[in-house]
Amino acid sequence: MSHVDAMLQMKTWAVVGATNNKDKFGYKIFKALKEAGYQVYPVNPGVSEILGDTCYPALKDLPVVPEVVNVVVPPKIGEQIMNHCAELGIKNVWLQPGANAASVVTAAANIGLNVVDQNCVLVELCNHK
């Protein structure tokens, strides 16, 4: 089974870079995962609520440890997020296009994370319906 298929079977996700700006992918991804039946937590220190859900400032602030972290942030922040995932015991990261710089992929691989870095979760959700 591919990492894409394996991660899409996991039901608890966090979206780092989620936003309440409806034009941004952080919003579209959070909304799509939520509508597809996933338990999904938005993470963004600059936003307090998205679609009625509490938005958390950091992964460590979530009430649960997610099975998958979807990353929609610039690469400089993404590298830090990989370390946060490792510290929390999160093994699965999905790097959206734009967040999937070689430096982030390398950081994730170096600490042993399972990485999806060539696929958009919005496309994959449509393909897996």
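Me: Which backbone oxygen does the side chain of N92 reach?

Reply: In this predicted model, the side chain of N92 reaches the backbone oxygen of E67 at 3.0 Å. A second polar contact, of 2.9 Å, joins the side chains of N92 and N114.

Me: Where does N92 lie, and is N92 buried or exposed?

Reply: N92 lies in strand β6. Its relative accessible area is 9%, so N92 counts as buried, the cut-off being under 20%. Leaving aside neighbours within four places in sequence, N92 is in contact with M7, M10, E67, V68, V69 and N114. One of these, V68, is also the bridge partner of N92, with V68 in β5 and N92 in β6.

Me: How do I read the pairing of strands in general?

Reply: Strands of a sheet pair through backbone hydrogen bonds, either parallel or antiparallel. Here, 5 strands form an open sheet in the order β2-β1-β5-β6-β7, and the pairing is parallel. The edge strands, each pairing on one side only, are β2 (39–43) and β7 (114–116). From one strand to the next the twist averages 20 degrees.

Me: Which residues of β5 are buried on each side?

Reply: On one side they are V68 and N70, and on the other V69 and V71. Both faces of β5 are therefore covered, each of these four residues being under the 20% cut-off for buried.

Me: Which strands does helix α3 lie across, and at what angle does α3 run to β5?

Reply: Helix α3 (residues 75–88) lies across β1 (12–16), β5 and β6.

Me: Which residues of helix α2 are buried, and what do they pack against?

Reply: In α2 (residues 25–35), the buried residues are G26, Y27, I29, F30 and L33. They pack against β1, β2, β3 (49–50), β4 (53–54), β5 and α5 (121–127). K31 is found in the helix too, but K31 is partly exposed, with a relative accessible area of 30%. After α2 comes G37, whose phi is positive, near 95 degrees.

Me: How far apart are K31 and N119 in sequence and in space?

Reply: They are 88 residues apart in sequence, and their C-alpha atoms are 18 Å apart in space.

Me: Where does Q96 lie, and what does Q96 touch?

Reply: Q96 lies in the loop between β6 (92–95) and α4 (102–110). Not counting residues up to four places away in sequence, Q96 touches I29, N70, V71, V72, N119, C120 and V121. I29 is one of the buried residues of α2, and N70 and V71 are buried residues of β5. A polar contact of 3.4 Å joins the side chains of Q96 and W94.

Me: C120 is among the residues that Q96 touches. How should I read cysteines in general, and how many disulfides are there?

Reply: A disulfide is a covalent bond between the sulfur atoms of two cysteines. The count here comes to 0 disulfides, with a cut-off of 2.5 Å between the sulfur atoms.

Me: Which residues does the UniProt annotation cover?

Reply: The annotation "domain: CoA-binding", from an unreviewed UniProt entry, covers residues 7–99. In the model, the end C-alpha atoms of that span lie 18 Å apart, and the span is 30% helix and 24% strand.

How values were computed. Residues are numbered from 1 along each chain as its sequence is written. This is a predicted model: local features need pLDDT of at least 70, side-chain atom pairs count only at pLDDT 80 or more; totals for chains, interfaces and linings use all residues. Side-chain values use heavy atoms; hydrogens and water are left out. Helices (H or I, at least four residues) and strands (E, at least two) are DSSP runs, numbered from the N terminus. A polar contact is a pair of N or O atoms within 3.5 Å; within protein, one must be able to donate a hydrogen and the other to accept it, and residues adjacent in sequence count only if both atoms are side-chain atoms. Contact means heavy atoms within 4.5 Å. Two strands pair if DSSP finds at least two bridges between them. Axes are lines fitted to C-alpha atoms, for helices over the stretch in contact, and angles run from 0 to 180 degrees between N-to-C directions. UniProt positions are given in the numbering used here, feature names are shortened, and annotations may be inferred rather than shown by experiment. Buried means under 20% relative accessible area, exposed over 50%, partly exposed in between (1.4 Å probe, protein chains only).
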